[in-house]
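These notes go with the structure shown below. Please read them with the model open, and check each point against it.

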Amino acid sequence: MSDDHHHDISQADAEAAVRTLIRWAGDNPDREGLLETPKRVAKSYRELFQGYETDPREYLEKTFEEVGGYDELVVLKDIRFVSFCEHHMLPVVGRAHVGYLPTNRVVGISKLARVVQGYGRRLQIQEKMTSEIAKAIHEVLRPHGVGVVIEAEHSCMTLRGVNVPGASLSTSHLIGVVRDDPRTREEFFRLARS
């Protein structure tokens with residue numbers, strides 16, 4: 001596990017920060033129900049921010065196969081992910097739909113899901129995450145085109161501030177024929193949204 005980004009911050013430092021937040025919120029970190037909370041929060045953050053430990057492109061680079069002649073869109077729908085918005089560090093929960101038109105390289109569909117999760121498990125902006133996924137697929141698989149659509153609910157909107165439960169943000173990033181050829185674009189959206 002590459003620790004270069006948080007090598008100077010120990011688990012104890014992270015737990016102390018959580019204790020501080022608990023006190024700041026108005027509670028006592030030493031009461032029984034909260035004693036283990038700093039450890040649990042640090043552990044769950046380590047999991048939720050796992051995207052920093054991986055280069056999602058590696059999932060694609062290691063696993064593509066040559067396929068001569070398959071020239072239909074490959075679309076994987078409803079890849080569930082949990083991310084964190086970089087403005088409030090609150091969860092963003094959503095689904096990604098990822099498609100590409102292969103030239104001669106395809107990957108196992110589980111790898112597409114891993115790319116989504118690799119970029120998701122970071123502090124993110126949905127628009128940036130959408131384009132990062134599309135670019136990774138485009139650069140590694142060199143397909144004729146790529147389409148990525150993400151629909152997600154942002155806790156920073158639904159839980160606080162403007163407080164609009166159920167509001168969902170939709171973003172898309174299209175490359176190559178999926179962007180430029182109306183028929184391919186339409187087919188991608190039809191498959192992704194169906």
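1. Contact here means that heavy atoms lie within 4.5 Å of each other. The model is a predicted one. With that cut-off in mind, take helix H8, whose buried residues pack against strand S2 (74–85), strand S3 (91–101), strand S6 (145–154), strand S7 (169–176) and helix H7 (177–180).

2. Which residues of H8 are buried? They are Thr-184, Phe-188 and Ala-192. These residues lie on the same side of H8, because the arc they cover around the axis is only 65°. An α-helix has 3.6 residues a turn, so residues three or four places apart point the same way. On the face of H8 turned away from the buried side sit the exposed residues Arg-183, Glu-186 and Arg-190.

3. H8 runs over residues 182–193, and its 12 residues, at 1.5 Å a residue, should span 16 Å; the end C-alpha atoms are 16 Å apart, so the two values agree.

4. Buried residues of H4 are Leu-112, Ala-113, Val-115, Val-116, Gly-118, Tyr-119 and Gly-120. They pack against helix H3 (56–61), S2, S3, S5 and helix H5 (126–141).

5. Strand S5 (residues 123–124) contains Gln-124. Is Gln-124 buried or exposed? Gln-124 counts as buried because its relative accessibility is 6%, and the cut-off for buried is under 20%. The Gln-124 side chain reaches the backbone oxygen of Tyr-119 at 2.8 Å. Apart from neighbours within four places in sequence, the residues in contact with Gln-124 are Ser-83, Phe-84, Cys-85, Glu-86, Tyr-119, Met-129 and Glu-132.

6. How many aromatic pairs does a search of the whole structure find? It finds five. In one of them, Tyr-45 and Phe-49 have ring centres 5.2 Å apart and planes at 85°, so this pair is edge-to-face. The rings of Phe-188 and Phe-189 have centres 5.4 Å apart and planes at 55°, so that pair is tilted. Phe-188 counts as buried at 0% relative accessibility, whereas Phe-189, at 22%, counts as partly exposed.

7. Tyr-45 and Phe-49 also belong, with Tyr-52 and Phe-84, to one aromatic cluster. Tyr-45 has 31% relative accessibility and so counts as partly exposed. Phe-49 is buried, with a relative accessible area of 13%.

8. In soluble globular proteins, nonpolar side chains tend to be buried together. In this model the largest nonpolar core has 30 residues, and Tyr-100, Ile-133 and Ile-137 have the most contacts inside it. At least two residues of this core come from each of S2, S3, H4, H5 and S6. H5 gives the largest share, seven residues.

9. What is Ile-133 in contact with, leaving aside its neighbours within four places in sequence? The list is Val-98, Val-115, Val-116, Tyr-119, Val-148 and Ile-150. There is also a second, separate core of seven residues, which includes Leu-73, Val-149, Leu-174 and Phe-188.

How values were computed: Residues numbered from 1 in each chain as written. Predicted model: local features only at pLDDT ≥ 70, side-chain atom pairs only at ≥ 80, totals over all residues. Heavy atoms only, no water. Helix = DSSP H or I, 4+ residues; strand = E, 2+ residues; numbered from the N terminus. Expected span 1.5 Å × (residues − 1). Buried < 20%, exposed > 50% of the residue type's maximum accessible area, 1.4 Å probe, protein only. Arc of directions from axis to C-beta. Polar contact = N/O pair within 3.5 Å; in protein donor to acceptor, adjacent residues only side chain to side chain. Phe/Tyr/Trp six-rings, centres within 6.5 Å; stacked < 30°, edge-to-face > 60°. Core = buried A, V, L, I, M, F, W, Y, C linked by side-chain atoms within 4.5 Å.
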